[in-house]
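Welcome! Please take a moment with the sequence and the 3D view before reading on.

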Amino acid sequence: MKKIITVTLILTVFCFAECKKNKLDSNGLPPATRDGKRIIGFLLNGQPWTPKGYNGTANLSPDFSMSVASGIFSLSSYRIITSANTEYFGISLKDSVNFIIAPQTFQLGNNTLFGVYFSNNTCTYDYFDSEITRSGTLTITKLDRTNGIISGTFSASLTKYGCADIKITDGRFDMKF
């Protein structure tokens, strides 16, 4: 009888224990956190997009500098779909990081401080290419210079002649720098 109670107790503990892994939200994206969890995710034309795979370099790389210009932030990532098909994504905020007081929103357009990069095997939408029609926003929701955390949300629409339109929604990131 003692053995049955012990086994029942152990099974109960395992059945109700929560896993510490990041759970995905209903869209299949990592949760929007503000703790430096090292995440990025968004919906790309309605489909979940997160970094995936390894090509010899980290598939998620932040760059933050308060000493360049008036401060810069960029985040680059890639997703290997197949060995012959890789997508690259990046966001960049130039010449303004030293002046951010979160929350603060930046608009995406031509000649703005906020830029988006996306490329796949058929097209490249460069950060500040004037041939691309772009719109969207970047909101820095947390900028903790003491603990080295930057978090935010973003969206973007990119149109380029000869390429499929790109629509990025529900974007979020949470990084340590």
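The report below starts with the whole chain and then turns to strands, core and aromatic rings.

## The chain as a whole

What you see is a predicted model. The protein chain averages a pLDDT of 87, and 88% of the residues score at least 70.

The protein chain contains one helix and 11 strands. Reading from the N terminus, the order of elements is α-β-β-β-β-β-β-β-β-β-β-β. Of the 177 residues, 38% count as buried. The accessible surface of the chain is about 10200 Å², and carbon and sulfur atoms account for 55% of that area. If you take the contacts between residues at least 6 apart in sequence, 54% of them join residues at least 24 apart.

## Strand β5 and its partners

Strand β5 covers residues 85-93 and is mostly covered, with seven of its nine residues buried. Strand β4 (residues 72-82) runs antiparallel to β5, and nine bridges join the two. Together β4 and β5 make a hairpin, with two residues between them. To find one of the bridges in the view, look for Ser76, whose bridge partner in β5 is Gly90.

Strand β5 also pairs with β7, again in the antiparallel sense, over six bridges. Here Phe89 stands opposite Phe118 in β7.

## The nonpolar core

Which residues have the most contacts inside the largest nonpolar core? They are Phe89, Ile91, Phe154 and Phe173, in a core of 33 residues.

## Aromatic rings

How many aromatic pairs does a search of the whole structure find? The search finds 11. One of them is the stacked pair of Phe42 and Trp49, at 4.8 Å centre to centre and with 15° between the planes. Phe42 and Trp49 are both buried. Another pair, Tyr117 with Tyr127, is tilted, with 5.5 Å centre to centre and 35° between the planes. This pair links distant parts of the chain: Tyr117 belongs to strand β7 (residues 114-119), while Tyr127 lies in the loop between β8 (124-125) and β9 (133-144), 10 residues apart.

Is Tyr117 buried or partly exposed? Its relative accessibility is 22%, so Tyr117 counts as partly exposed. There is also an aromatic cluster to look for, formed by Phe42, Trp49, Phe73, Phe89, Phe154 and Phe173.

As a last stop, look for Pro31, in the loop between α1 (2-16) and β1 (39-44). With a relative accessible area of 29%, Pro31 is partly exposed. Along the chain, Pro31 and Asp174 are 143 residues apart, and their C-alpha atoms are separated by 9.5 Å.

Technical notes. Residues numbered from 1 in each chain as written. Predicted model: local features only at pLDDT ≥ 70, side-chain atom pairs only at ≥ 80, totals over all residues. Heavy atoms only, no water. Phe/Tyr/Trp six-rings, centres within 6.5 Å; stacked < 30°, edge-to-face > 60°. Buried < 20%, exposed > 50% of the residue type's maximum accessible area, 1.4 Å probe, protein only. Helix = DSSP H or I, 4+ residues; strand = E, 2+ residues; numbered from the N terminus. pLDDT = per-residue confidence, 0-100. Core = buried A, V, L, I, M, F, W, Y, C linked by side-chain atoms within 4.5 Å. Contact = heavy atoms within 4.5 Å. Areas by Shrake-Rupley, 256 points an atom, 1.4 Å probe, with all protein chains shown as cover. Pairing = 2+ DSSP bridges.
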